[in-house]
Amino acid sequence: MTDIPQTPPKQSWTYSNDVNAEIRRAAATGIYDIRGGGSKRRLPHFDDLLFLGASISRYPLEGYREKCATDVWLGTRFAKNPIHLETPITIAGMSFGALSGPAKEALGRGASAAGTSTTTGDGGMTEEERGHSKTLVYQYLPSRYGMNPDDLRRADAIEVVVGQGAKPGGGGMLLGQKISDRVANMRNLPKGIDQRSACRHPDWTGPDDLEIKILELREITNWEKPIYIKIGGARPYYDTALAVKAGADVVVLDGMQGGTAATQDVFIENVGMPTLACIPQAVKALQDLGMHRKVQLIVSGGIRTGADVAKAMALGADAVAIGTAALVALGDNDPIHEAEYRKLGTTAGAYDDWHEGKDPAGITTQDPALFNRFDPILGGRRLKNYLKVMTLEAQTIARACGKSHLHNLEPEDLCALTVEAAAMAGVPLAGTDWVPGRTGRY
Amino acid sequence: MQSFDLTAQGLRALNSTLHGLKEQTNETVWEIVNPKGAHAIAVGLDAPIDVTVRGSTGYYCAGMNKQATVRIKGSAGPGVAENMMSGTVIIDGDASQYAGATGRGGLLVVKGNAASRCGISMKGIDIVVHGNIGHMSCFMAQSGNMVVLGDAGDALGDSLYEARLFVRGSVKSLGADCIEKEMRPEHLELLADLLKRGEADHLAKPEEFKRYGSARKLYNFNVDNASAY
């Protein structure tokens with residue numbers, strides 16, 4: 001007897017296993033999913049761009065022989081004491097509270113050894129990071145947790161945080177599990193309660209007020225410190241223009257691949273724009289105002305390699321910032337902890353419940369038994385190595401494009417692998433002179 | 001007394017001069033004339049000096065103050081005494097929105113009315129308002145004391161943490177998780193001291209106030225409270 005051909009079981013694209021699992025989880029728990037990190041979607045990204053390299057029409061620089069400088073000045077517009085970094089790869093703001101004290105120390109050690117800056121976060125400035133950071137950027141956030149004029153004056157720059165890429169328009173969240181005595185004390189709140197940081201600043205509302213707020217910060221700090229304004233990637237053309245109008249020395253632009261300590265998954269995955277799409281709009285705003293290179297642009301959100309650094313800079317950034325990648329360099333999500341990740345119901349590379357404070361790597365926790373596993377000296381060395389490798393990689397690419405400084409990279413050095421990336425980055429699709437959305441030759 | 005003409009000498013010179021004063025300074029009494037509503041007057045002070053501003057001020061007067069006493073002989077613009085650490089700020093007139101925002105210590109006295117969001121996110125400051133306060137005052141207030149001799153606007157103490165609120169007049173509405181609480185003897189004692197320090201003990205008695213504080217129901221997320229957020 002012949003078997004009758006059967007239609008094989010077919011899973012729905014719309015109602016996939018992942019989607020259905022989340023529906024069941026929501027139905028069982030009655031709460032949205034909260035996690036750390038940035039968007040996990042497959043987004044158009046730097047991977048979709050390629051450098052063209054030099055040949056006959058351009059000539060390259062000799063690798064390891066001819067100089068390709070990497071330094072950057074930040075805050076040259078108004079600040080008396082602009083910052084000079086040896087590499088344009090900075091460490092993004094991450095809070096003490098979200099991270100352990102030793103992890104903050106390691107970030108300071110690694111960044112300082114590599115000649116770059118690190119940044120505080122929501123929760124104030126700790127001695128660990130001030131003591132170990134040669135150049136420390138102090139975030140000025142809506143919550144104002146830990147904010148005081150002495151730390152403002154101890155900082156090397158001030159970053160007014162308006163938004164971040166993982167959650168443009170959203171505030172912060174640090175759940176009760178991570179509120180130790182020390183964290184609670186720094187934030188003037190009872191131990192063990194959920195801490196919600198506001199999404200708007202308490203004492204200014206728009207660009208005109210922000211301009212006056214920046215005046216106040218400059219007056220308090222004797223006009224010495226560069227003032228950064230950090231925006232989430234939502235409307236980068238207008239937000240960059242308004243940041244310049246408000247008096248920023250530096251604009252920090254964070255795309256949706258940029259991480260957060262904790263927020264709703266639905267927020268992370270559905271609000272904001274990919275980093276790639278944000279950069280050209282911000283650069284255009286600066287160019288339209290005649291402020292490109294005068295107000296520096298720092299780009300963050302998904303920077304992982306020297307190639308990403310070079311691509312961001314070719315699109316017009318002056319520097320970049322890394323957060324998630326820095327944590328990975330310290331040891332976050334390392335397969336060495338796989339057995340413990342399994343006990344937490346996850347696996348190395350996918351662990352993102354940083355808000356629960358159970359990090360086996362001892363980085364995103366306030367539990368002494370866990371954070372004492374983490375060696376800040378070793379962590380700092382690993383971060384330094386990683387920053388040095390990324391810088392070398394970016395130099396390698398820049399030399400191949402004939403550039404004697406990373407800042408000399410330009411959009412003309414790039415082509416795109418996909419129509420989407422070509423449209424977002426504003427560079428031609430590989431093998432064509434077509435930039436979607438533009439008429440005529442680029 | 002040292003006198004400083006703000007219009008003639010400029011803001012940068014003013015703040016720079018005041019920042020240069022050390023704890024042991026003999027130049028302890030200052031007068032600022034012609035403020036003309038300028039922003040960021042006397043911000044970031046850190047010495048036990050007495051500064052009188054003869055007129056009204058713009059945004060952020062006495063912002064992040066430490067140790068100093070700042071007297072405003074007029075009204076104050078938004079964010080007066082924001083993030084104050086210690087010292088005293090006394091306003092003879094009214095205060096605009098965000099007065100005392102995120103203040104960590106010291107005493108803010110408003111002899112007129114204060115607008116919306118007075119004491120927003122306060123973290124230890126004491127605020128005494130002789131008149132009324134506007135809507136959303138003490139939003140997410142973490143600690144410290146707010147004393148209002150007049151009335152409070154809508155949504156007083158929304159998402160309140162541990163700050164203590166004392167209102168003598170009416171409260172248009174309470175914000176999420178803010179409730180009236182029992183006035184115990186220790187609160188009357190605290191209030192008597194605040195009224196005295198706030199130059200209001202001749203205007204009101206502690207027994208005339210009601211106390212408001214956090215119900216603490218929103219301290220840890222619970223989906224059944226979702227409509228309250």
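How many bridges join E6(A) to strand E7 of chain A? The answer is 3, with E7(A) covering residues 135-140 and the two strands running parallel. Keep in mind that this is a predicted model.

## The sheet in chain A

Chain A has an open sheet built from 8 strands, and the pairing is parallel. If you want to trace the order on the structure, go E5-E15-E14-E12-E11-E8-E7-E6. Strand E5 (89-91) and strand E6 (117-119) sit at the edges with a single partner strand each, so one side of each has no neighbour in the sheet. From one strand to the next, the twist averages 30°.

## Chain A as a whole

Stepping back, chain A comes with 15 helices and 16 strands. Its radius of gyration is 22 Å, close to the 22 Å that the globule rule gives for 442 residues, so chain A is as compact as a globular protein of that length. The C-alpha trace spans about 80 × 65 × 45 Å along its principal axes.

Of the 442 residues in chain A, 56% are buried. As for contacts with a separation of 6 or more, 67% of those in chain A are between residues 24 or more positions apart.

## Chain B

Chain B has 3 helices and 11 strands. Going along the sequence, you read β-α-α-β-β-β-β-β-β-β-β-β-α-β.

What about its overall dimensions? The C-alpha trace of chain B spans about 60 × 40 × 30 Å along its principal axes. A compact globule of 229 residues would have a radius of gyration near 17 Å, and the 18 Å of chain B agrees with that.

On burial, 55% of the 229 residues of chain B count as buried. Among contacts in chain B with a separation of 6 or more, residues 24 or more positions apart account for 25%.

Definitions and conventions. Residues numbered from 1 in each chain as written. Chains lettered and ligands numbered in written order. Predicted model: local features only at pLDDT ≥ 70, side-chain atom pairs only at ≥ 80, totals over all residues. Pairing = 2+ DSSP bridges. Helix = DSSP H or I, 4+ residues; strand = E, 2+ residues; numbered from the N terminus. Axes fitted to C-alpha atoms, helices over the stretch in contact; angles between N-to-C directions. Rg over C-alpha atoms; globule rule 2.2 N^0.38 Å. Buried ≥ 20, exposed ≤ 12 C-beta atoms within 10 Å, placed from the backbone. Contact = placed C-beta atoms within 7 Å.
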